[in-house]
Structures are given as structure tokens and as C-alpha cells.
Amino acid sequence: MIFSIVFFALVLLYLIFFVGPAAAAFLSVFSRKEGADPEQIDPNGSYYAPYLPEMRHRAELLRARGSREVFLTARDGVRLAADFYDSGAKTLAICMHGYRATPMTSFCYLGRELSDLGCDLLFVHERAHGKSQGSRSSLGLLESGDLLQWVQWAQEYTDAQRLILCGVSMGATATAIASNKIRSDAVCAMILDCGFDTPYKQMVSDCRKWHLPGRVLVPIISVLARLTLHVNLKTSACDSLSQTKIPAFFLHGTDDRSVSPQDAEKCYAACASEKELVLVPGAQHTVALMRGGEETCLRVRAFLKKHGAV
């Protein structure tokens, strides 16, 4: 009798102190997110502040170019949207934004660079973000499958003969995970900016920053992700990169407090294709290209030209 009471009490405590918080964290992390475009970002207290004038200028130039909305239906029925900057160019850049971000905030800077190189742009709104439907995102896992469909869409419905895959943060992870499943020779290169290796390790790292017991909470969150989203949070970008043939340009800031620069170094080391790694001193999360300025942009251009993308 006493044993049963103690056992029940322990189970109850486990549910209260671990399963409950893990479920709440799961709902929070994987729920629908709405990001802010450059014009909507408050510069006060934001590390974007030094870059906002240029971001807003480049966003204005891209909007002046004009775009149209395009759609596809993901394999699980979610309706996905993208902004297509179409001039009939022979090179198209498919751009996957970051977690809780918008395509314009993630790609106003690089997008303008690519536009100046004569590329058309496909600014994807990832599932459960922006113009796309869906109530749950998946930290790059389901999004990697969505990217495969956007590649197929581009080949069927655009004039592009060459494709560049661009990803920032979660979008970079999604791109990397998809990279070994893309068989099309049209994909010439990918630009991976501050991506992480696995959602699992990234969540453990985030818990550590928030002083939460990640090694207890994340395994429970992982089970919930398997049961509800049918994804494995331990899926590794490095594993996919070790089998890819797509040339990869890795970019990361040394002062990134959201995703460790060690993730970029690990992914770069694992990558089996031709590759280049640029670590930008002093750059925080998602701003390495802006912080690196013209010197870093020149390296991106040279890499794309070397591999026949532009």
C-alpha cells in the first residue's frame, strides 16, 4: 500500500514538474509564428539597429521590383505560399527564412545582392509563418520536405535553368537536411547562413540559456514531436550534408548567441561537396552578411560564379 502511494506520488510529481512544462514548451515552440518585416522592427534594444536603415532601403528596392504570390500544397495538405520576383531570368534563388521571421527580413540584404546579379527570387513563407497556412512549424524538418516541393515547382512553372538554395537559421537547417535528397542538376549552389545541426541539440542549448533542465524537458518534447508532427528532432543536417553534391557556402557570425558558430564548423566539416566557410567577426545571429559587408558579399558572388550559378 505504501509503495503504491509513493509510486503514485512520484508519477504525479513527474507529470507536474516535467511533462506539464515540456508540453507547454512544445506548444509554444512549435506553434504558429508571425515575424516582423524590416519596417516593423523596433530598433530600441535590437541588434538589428545598426543595419535597419540599409535593410529597409533594400526591402524598398525589392518591393519596387514587384512580386506575385504563388502557392503549392504540401504533402500533408498544408497550403504554402511564396512571393515570386519574376523577370524570366535563367537563375532563380529559392529563399528559406528563419524561425519567427519573414522572408523580407531574412533576405532583404542577400536578395538585393542576388537581384543585382540577375537572379529571380522565390521568397518562401514557411509553414505556420506569414502567408502560408499551418498551425505547427517543425524547426526545419517538415520544412525540408516543403523545400523539395518548391524545387519541383520551380522546375515546372518557371523559366529558370539554374537554382540557388538560400537558407537563414531554421531555413538553413531545412535546406541542409534537404540537400542530399535533391537530384536535379539545375541546383548549382546553396548558401547556408547560421543554421544549426539538429533541432534536438538546439533546443537543449536554448534551455541552457533560459536556465531550464533541457536534458529532462527536450526528450519529452521530442516524444511529443514524434507523436503529433511525425518528425525526429535528432535529424541531423550534418548527416545530409555528408551525402550532398551541391556546393555549399557556409556563413556564420562569431558572436551568434542563438546558434553556436560551432554548428557551422561542424556542418562545414561534414559537407561532402565543394564548400567554403566564412565566420564574420562580431556578427550576431542572422546578420553575418550585413556585418561582413562588401568583402563578404564579394566572396558570395565569387562562389556563385565559380559554380556556374550566375
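The paragraphs below walk through the pockets, cavities and helix packing of this structure. The model is predicted.

Start with the open spaces. The largest pocket has a volume of about 980 Å³. Its lining counts 35 residues. Nearest the centre of this pocket lie Tyr99, Arg100, Asp206, Ser258 and His285. Four helices each supply at least two lining residues: helix 1 (2–29), helix 3 (103–116), helix 6 and helix 7. Helix 6 gives the most, with five residues. By class, the lining of the largest pocket holds 19 nonpolar, 10 polar and six charged residues.

The second largest pocket has a volume of about 230 Å³. It is lined by 15 residues, and Lys201, Gln202, Ser205, Ser260 and Asp263 are the closest to its centre. Two elements give two or more residues to this lining, namely helix 6 and helix 9 (261–270). Helix 6 again gives the most to the lining, here with seven residues. The lining of the second largest pocket has three nonpolar, five polar and seven charged residues.

Helix 6 spans residues 199–209, and helix 7 spans residues 214–228. The two pack at an angle of about 140°, with their axes 9 Å apart. The crossing of helix 6 past helix 7 is right-handed. On the helix 6 side, the contact uses Tyr200, Met203, Val204, Cys207 and Arg208. On the helix 7 side, Gly214, Arg215, Val218, Pro219, Ile221 and Ser222 take part. Seven of the residues in this contact are nonpolar, two are polar and two are charged.

How many cavities of 30 Å³ or more does the structure hold? There are two. The largest cavity contains about 150 Å³ of space. Of its 17 lining residues, Ser106, Val168, Asp193, Thr286 and Leu289 are the closest to the centre. Helix 3, strand 6 (187–193) and helix 10 (288–306) each give two or more residues to the lining of the largest cavity. The largest share, six residues, comes from helix 3. The lining of the largest cavity divides into 13 nonpolar residues, three polar and one charged.

The second largest cavity holds about 80 Å³ of space. Thirteen residues line this cavity, and those closest to its centre are Ala172, Leu192, Gly195, Phe250 and Cys267. Helix 5, strand 7 (248–253) and helix 9 are the elements that give two or more residues to the lining. The lining of the second largest cavity has 10 nonpolar and three polar residues, and no charged ones.

Helix 3 also has a packing partner. Helix 2 (residues 52–65) packs against helix 3 at an angle of about 65°, and their axes are 9 Å apart. The two helices are therefore roughly perpendicular to each other. Helix 2 passes helix 3 in a left-handed crossing. From helix 2, the contact takes in Glu54, Met55, Arg58, Ala59, Leu61, Leu62, Arg63 and Arg65. From helix 3 come Met104, Thr105, Phe107, Cys108, Tyr109, Gly111, Arg112, Glu113 and Ser115. By class, this contact has eight nonpolar, three polar and six charged residues.

Helix 5 brings in the last pair. Helix 4 (residues 141–157) and helix 5 (residues 170–178) pack at an angle of about 65°, with their axes 8 Å apart. The crossing of helix 4 past helix 5 is right-handed. Helix 4 contributes Leu141, Glu143, Ser144, Leu147 and Leu148 to the contact. Helix 5 contributes Met170, Ala174, Thr175, Ile177 and Ala178. The contact of helix 4 with helix 5 has seven nonpolar residues, two polar and one charged.

Methods. Residues are numbered from 1 along each chain as its sequence is written. This is a predicted model: local features need pLDDT of at least 70, side-chain atom pairs count only at pLDDT 80 or more; totals for chains, interfaces and linings use all residues. Side-chain values use heavy atoms; hydrogens and water are left out. Axes are lines fitted to C-alpha atoms, for helices over the stretch in contact, and angles run from 0 to 180 degrees between N-to-C directions. A crossing is left-handed if the near helix is turned anticlockwise from the far one by less than a right angle, and right-handed if clockwise. Contact means heavy atoms within 4.5 Å. Ala, Val, Leu, Ile, Met, Phe, Trp, Tyr, Cys and Pro count as nonpolar, Asp, Glu, Lys and Arg as charged, and the others, Gly among them, as polar. On a 1 Å grid over the protein atoms alone, a cavity is a set of points where a 1.4 Å probe fits but cannot get out, and a pocket is an open set with protein on both sides within 12 Å along at least five of seven lines; lining residues have an atom within 4 Å of a point. Grid points are joined across faces, edges and corners, and a volume is the space filled by probe spheres set on the points. Angles under 35 degrees count as roughly parallel, over 145 as roughly antiparallel, 65 to 115 as roughly perpendicular and the rest as oblique.
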